[in-house]
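Visitor: I would like to learn how to read side-chain features in a model like this one. Please take me through them one at a time.

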Amino acid sequence: MTQSSIDIHAISERVQQESLVVDRIFQEMDRVIVGQRYMVERLLIGLFCNGHILLEGVPGLAKTLTVSTLAKIVDASFKRIQFTPDLLPADLTGTTIYNQHQGVFIPKKGPVFANLILADEINRAPAKVQSALLECMQERQVTIGDETYRLEDPFLVMATQNPIEQEGTYPLPEAQVDRFMLKVKVDYPTRDEERLILDRMADAGETELARTVGIEEILRLREVVELIYIDDKIKDYVVDLVQATRDPARYGLDEMGPLIEYGASPRATIFLARAARAHAFIQRRGYVTPEDIKAVGGDVLRHRIRTSYEAEAEEIDTEQIVQQLFDHIEVP
């Protein structure tokens, strides 16, 4: 037996032990949330990878409830920010207040100083507010006056947005969209799930949730996720997928070239590998397979590809383009 196979076996054993926490989280979530397992899995991937998540769906699909429920299960500080057109940057980050007794300005920290931030209906606020959130998401720090403050670790933004066609919404700046690790499309529940939702509504009492996982455990799980093995062939597969969004002709996708205005950034390559590791962890595997890449690929790539006017004229969206990539790029 080679050294690498021994290492993979050891990693797999540790993953089997540590991933039990995932079952506990799902059990608690199921007490409040009906269905939406896909959304919950993606939130956990963001939590285990230290990556921000953007949830998109029409109102009423339990996006806010799911994030707030996860925050209760995780023993971490949580703040919900309702984004509105009149929101100011200082409403997020904080400001300085003059102390008359001491004769000095003192900082008043905003709601971003928490572990989990729910940015509700993020695309209802104007660009200057989005820009204020940008430093928080990327640098994990906030500047108030002349002072810069580090944000807590973990710091995770879980944002919800309504479809951009809806009235009263602003498109997010491209630089900010790219900083979201995953963009998750949230669908309607099935008929059986909706029937169960109706039954649960008869019970008006609030469900008491157990604190299932703490901050120290989250940080430890992140270390385990980083240990998960990715073969060189899988890495090449990830690079080929992202490169094909920029140079489709090189991969025999000539018809796709005119449909893409610009492709995914190198951040997509990094996030695709990280998310695949976390997906393998949730599946209790110590190694990444092509199926892991495919499972998270749409969530990583859909908001990083900008379609051309020609694509819009032909009614081709990024979902179809990403599907073509996975259909045509050779799987190792």
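Visitor: Is Arg37 buried, exposed or partly exposed, and what are the cut-offs?

Guide: Buried means under 20% relative accessible area, exposed means over 50%, and partly exposed lies in between (1.4 Å probe, protein chains only). Arg37 has a relative accessible area of 46%, so Arg37 is partly exposed. Glu41 has 11%, so Glu41 is buried. This is a predicted model: local features need pLDDT of at least 70, side-chain atom pairs count only at pLDDT 80 or more, and totals for chains, interfaces and linings use all residues. Residues are numbered from 1 along each chain as its sequence is written, and side-chain values use heavy atoms, with hydrogens and water left out.

Visitor: What joins the side chains of Arg37 and Glu41?

Guide: A salt bridge is a side-chain nitrogen of Lys or Arg within 4 Å of a carboxyl oxygen of Asp or Glu. Arg37 and Glu41 form one, at 3.9 Å from N to O. Both residues lie in helix α3, four residues apart, about one turn of the helix. Helices (H or I, at least four residues) and strands (E, at least two) are DSSP runs, numbered from the N terminus.

Visitor: How many salt bridges does the rule give?

Guide: The count is 20. One of them pairs Asp120 with Arg80, with the closest N and O atoms 2.7 Å apart. That pair links distant parts of the chain: Asp120 is in strand β6 and Arg80 in strand β3 (residues 78-82), 40 residues apart. Asp120 is buried at 5%. Arg80 is partly exposed at 46%.

Visitor: Which residue forms a salt bridge with Arg267?

Guide: Asp178 does, with the closest N and O atoms 2.5 Å apart. Arg267 sits in helix α11, and Asp178 in the loop between α7 (174-177) and β10 (180-185), 89 residues away. Arg267 is partly exposed at 23%, while Asp178 is buried at 15%. Salt bridges can also share partners: Arg37, Glu41, Arg42, Lys185, Asp299, Arg302 and Glu319 are joined this way into one network.

Visitor: Over which ring does the charged end of Arg37 sit?

Guide: A charge sits over a ring if NZ of Lys or CZ of Arg is within 6 Å of the ring centre and within 35 degrees of the ring normal. For Arg37, the ring is that of Phe26, with the charged end 3.8 Å from its centre. Arg285 sits likewise over Tyr287, 5.8 Å from the ring centre.

Visitor: How many aromatic pairs are there?

Guide: Rings of Phe, Tyr and Trp (its six-membered ring) pair if their centres lie within 6.5 Å; planes under 30 degrees apart count as stacked, over 60 as edge-to-face and the rest as tilted. There are two aromatic pairs. Phe48 and Phe281 are edge-to-face, at 5.4 Å between centres and 80° between planes. Phe48 is in helix α3 (residues 37-49) and Phe281 in helix α11 (residues 266-282), 233 residues apart. Both Phe48 and Phe281 are buried. Phe113 and Tyr149 have centres 6.4 Å apart and planes at 80°, so this pair is edge-to-face too.

Visitor: What does Glu18 touch?

Guide: Contact means heavy atoms within 4.5 Å. Not counting residues up to four places away in sequence, Glu18 touches Arg220, Leu221, Val224 and Phe281. Glu18 lies in helix α1 (residues 3-18) and is buried at 15%.
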